[in-house]
Amino acid sequence: MIYRETFLEINLDTLHQNIKKILSYKKGSFAFVLKANSYGLGAKVIAKELENYDKIEYIAVATLNEAIHIKDTTRKPIWILGYLRDDLLLEAIKHNFAITLSDINQIQLIKEKTISFINVDTGFHRYGIKPDSVLIENLKLNPNIILNGIYTHLKLSDKHNDIIQVNKLKQLNINLPISISDSIAYIRHNFEE
């Protein structure tokens with residue numbers, strides 16, 4: 001029985017206008033985050049629409065469940081942003097999902113080629129390794145880890161502190177793509193990424 005007849009109508013033309021605007025703003029590739037059922041818009045519907053854009057390199061989700069939910073909807077690589085305990089990490093690898101590494105002990109679990117990213121905590125203190133962590137160096141010891149980049153989440157308290165966080169990543173001197181722009185940072189700043 002339905003007690004409340006609430007529905008959401010998505011205008012796909014407007015969605016595509018917004019996507020084109022976002023993609024035109026900066027050069028480079030993008031990961032579009034569809035966590036929490038694409039914030040209520042319907043992850044499968046949105047994932048299917050993102051197929052039209054070559055600049056969208058990854059579809060990112062928070063959990064393994066979300067990745068499995070959209071797996072058959074898209075041909076784009078799916079990247080899991082959230083922490084995966086050991087058994088879930090191995091399951092994600094079986095599905096060929098890109099993963100986020102934040103635990104040095106998990107490096108030894110990776111026995112097959114796996115696209116990986118590192119979340120570095122530069123000051124938001126929600127998730128990630130410390131910028132001086134030995135995890136990054138130890139990744140080189142496992143030839144199965146294909147390290148695609150490092151990323152962080154800005155506190156977005158003010159521009160000065162955002163720049164401090166970005167500089168913490170740059171000081172790592174690692175020749176990897178760096179991402180720092182969530183939606184707000186993307187609009188607020190013009191960082192080179």
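The model is predicted: local features need pLDDT of at least 70, side-chain atom pairs count only at pLDDT 80 or more, and totals for chains, interfaces and linings use all residues. Residues are numbered from 1 along each chain as its sequence is written, and side-chain values use heavy atoms, with hydrogens and water left out.

Me: Why is the pair of Y58 and W79 called edge-to-face?
Reply: The ring centres of Y58 and W79 are 5.8 Å apart and the planes stand at 70°, so the pair is edge-to-face.

Me: Which parts of the chain does this pair link?
Reply: Y58 lies in strand β2 (residues 56–61) and W79 in strand β3 (residues 78–80), 21 residues apart, so the pair links distant parts of the chain. Helices (H or I, at least four residues) and strands (E, at least two) are DSSP runs, numbered from the N terminus.

Me: Why are Y58 and W79 classed as they are by accessibility?
Reply: Buried means under 20% relative accessible area, exposed over 50%, and partly exposed in between (1.4 Å probe, protein chains only). Y58 has 6% relative accessibility and therefore counts as buried; W79, at 8%, is buried as well.

Me: What makes the pair of Y58 and F117 edge-to-face?
Reply: The centres of these rings, Y58 and F117, are 5.4 Å apart and their planes are at 85°, so the pair is edge-to-face. Y58 lies in strand β2 and F117 in strand β5 (residues 114–119), so the pair ties together parts that are 59 residues apart in sequence. F117 has a relative accessible area of 6% and is therefore buried. Y58, W79, F117 and Y151 form one aromatic cluster.

Me: What is the strand order of the open sheet, and which strands are its edges?
Reply: The open sheet of four strands has the order β4-β5-β6-β7, with parallel pairing. The edge strands are β4 (99–101) and β7 (178–179), each of which pairs on one side only.

Me: How do you know that β5 and β6 pair?
Reply: Two strands pair if DSSP finds at least two bridges between them. Strand β5 and strand β6 (residues 145–151) pair in the parallel sense over six bridges. N119 stands opposite Y151 in β6.

Me: Why is T74 called buried, and where does T74 lie?
Reply: The relative accessibility of T74 is 10%, so T74 counts as buried. T74 lies in the loop between α4 (64–70) and β3.

Me: What makes the approach of T74 to E51 a polar contact?
Reply: A polar contact is a pair of N or O atoms within 3.5 Å; within protein, one must be able to donate a hydrogen and the other to accept it, and residues adjacent in sequence count only if both atoms are side-chain atoms. The side chains of T74 and E51 make such a contact at 2.2 Å. The T74 side chain also reaches the backbone nitrogen of K76 at 3.0 Å.

Me: How do you know that E51 and R75 form a salt bridge?
Reply: A salt bridge is a side-chain nitrogen of Lys or Arg within 4 Å of a carboxyl oxygen of Asp or Glu. For E51 and R75 the closest N and O atoms are 3.2 Å apart, and the two form a salt bridge. E51 lies in the loop between α3 (43–50) and β2 and R75 in the loop between α4 and β3, so the pair ties together parts that are 24 residues apart in sequence. With a relative accessible area of 16%, E51 is buried, whereas R75, at 73%, is exposed.

Me: How many salt bridges does the structure hold, and what is the distance between K94 and E91?
Reply: The structure holds three salt bridges. In the one between K94 and E91 the closest N and O atoms are 3.8 Å apart. K94 and E91 both lie in helix α5 (residues 86–94), three residues apart, about one turn of the helix. K94 has a relative accessible area of 60% and is therefore exposed, while E91, at 28%, counts as partly exposed.

How values were computed:
Rings of Phe, Tyr and Trp (its six-membered ring) pair if their centres lie within 6.5 Å; planes under 30 degrees apart count as stacked, over 60 as edge-to-face and the rest as tilted.
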